[in-house]
Amino acid sequence: MRNRGLSHTRRNMGICAAGVALSVLSIWWGLAEMNALGHETMASGLKIGIAIPVGLICFFMFFNFLWGARLIAAARRGEKDIGRWIVTPAEAEAFRRNDERRAGQGYSNDYTLPRTIPPVGLEVIFTDNALVVGGTYFGLVTTGMFRFEGVQMLPENPLAIEFGTVVTSAYKVTMVRIGVSRGLLRVPVSRSARGEAAKVLAHFTAVDQRKLLVDPGFYRRRMAWG
């Protein structure tokens with residue numbers, strides 16, 4: 001399991017909203033059939049039984065994507081901004097070649113560059129606890145199910161910032177087991193943003209070493225909401 005970040009939030013909100021609407025329609029259809037026949041049938045039961053969990057999942061996922069969309073919008077407005085730059089298409093393609101070489105050596109990247117880099121370049125934004133790259137959101141915290149451990153600057157051309165990522169998941173076969181997956185998250189640094197990148201590296205090094213505490217109430221709020 002890898003941390004692929006949160007992307008296409010508005011599209012996914014639309015899909016979830018459609019899922020909720022279709023679930024409500026299916027429940028209404030099933031109830032109408034039961035009322036017309038005076039008893040439940042397998043078809044009407046399936047219409048209701050499948051629609052309820054699907055509708056609930058879509059309902060809560062809608063708000064998850066809404067939360068992500070707001071975080072991305074806040075980052076683009078400059079809230080809690082500690083560094084940002086635009087990676088030119090040429091720099092992005094050079095990074096892609098470096099990334100493919102590293103992946104071939106067994107160091108795959110959690111983030112995948114888009115197939116086509118926009119002519120205006122690739123936007124990279126670091127807040128004090130997250131990364132938004134090309135519209136994809138990655139949380140950068142040191143606790144929880146998705147966290148980072150270690151950060152470094154890779155002396156490539158162009159430079160790249162690399163985070164070690166850790167994903168903790170729970171699954172059940174005959175008993176509950178906790179699994180831990182480790183990965184890497186790399187993003188390119190524009191040649192014109194070396195100073196910004198140095199600030200980002202210093203900030204997350206301090207966070208990783210627990211010398212700097214960022215948003216201490218984040219997971220408490222998330223658990224309360226859950």
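Q: In which sense do β1 and strand β2 pair, and over how many bridges?
A: In this predicted model, strand β2 comprises residues 122-127. β1 and β2 pair in the antiparallel sense, and the number of bridges is six.

Q: Which residue in β2 is the bridge partner of R84?
A: R84 has its bridge partner in β2. That partner is I125.

Q: Which strands stand at the edges of the open sheet?
A: Four strands form this open sheet with antiparallel pairing, in the order β1-β2-β3-β4. Each edge strand has a single partner strand, so one side of each is left without a neighbour in the sheet. The edge strands are β1 (81-87) and β4 (136-139).

Q: What angle does helix α2 make with β2?
A: Helix α2, residues 42-77, lies across β1, β2, β3 (130-133) and β4. Its direction relative to β2 is about 95°.

Q: What angle does the direction of helix α4 make with that of β1?
A: Helix α4 (residues 194-208) also packs on the sheet, where it touches β1, β2 and β3. The angle between its direction and that of β1 is about 135°.

Q: How far apart are the end C-alpha atoms of α2?
A: α2 has 36 residues, and at 1.5 Å a residue the helix should span 52 Å. The separation of its end C-alpha atoms agrees with this expectation, being 52 Å.

Q: Where in α2 does a kink lie?
A: The kink is of about 25° and comes shortly before the proline P53. It lies at A51.

Q: Which residue just after α2 takes a positive phi?
A: The phi in question is about 100°. The residue that takes it is G78.

Definitions and conventions
Residues numbered from 1 in each chain as written. Predicted model: local features only at pLDDT ≥ 70, side-chain atom pairs only at ≥ 80, totals over all residues. Heavy atoms only, no water. Pairing = 2+ DSSP bridges. Helix = DSSP H or I, 4+ residues; strand = E, 2+ residues; numbered from the N terminus. Contact = heavy atoms within 4.5 Å. Axes fitted to C-alpha atoms, helices over the stretch in contact; angles between N-to-C directions. Expected span 1.5 Å × (residues − 1). Bend = angle between axes of the 7 residues up to and from the residue.
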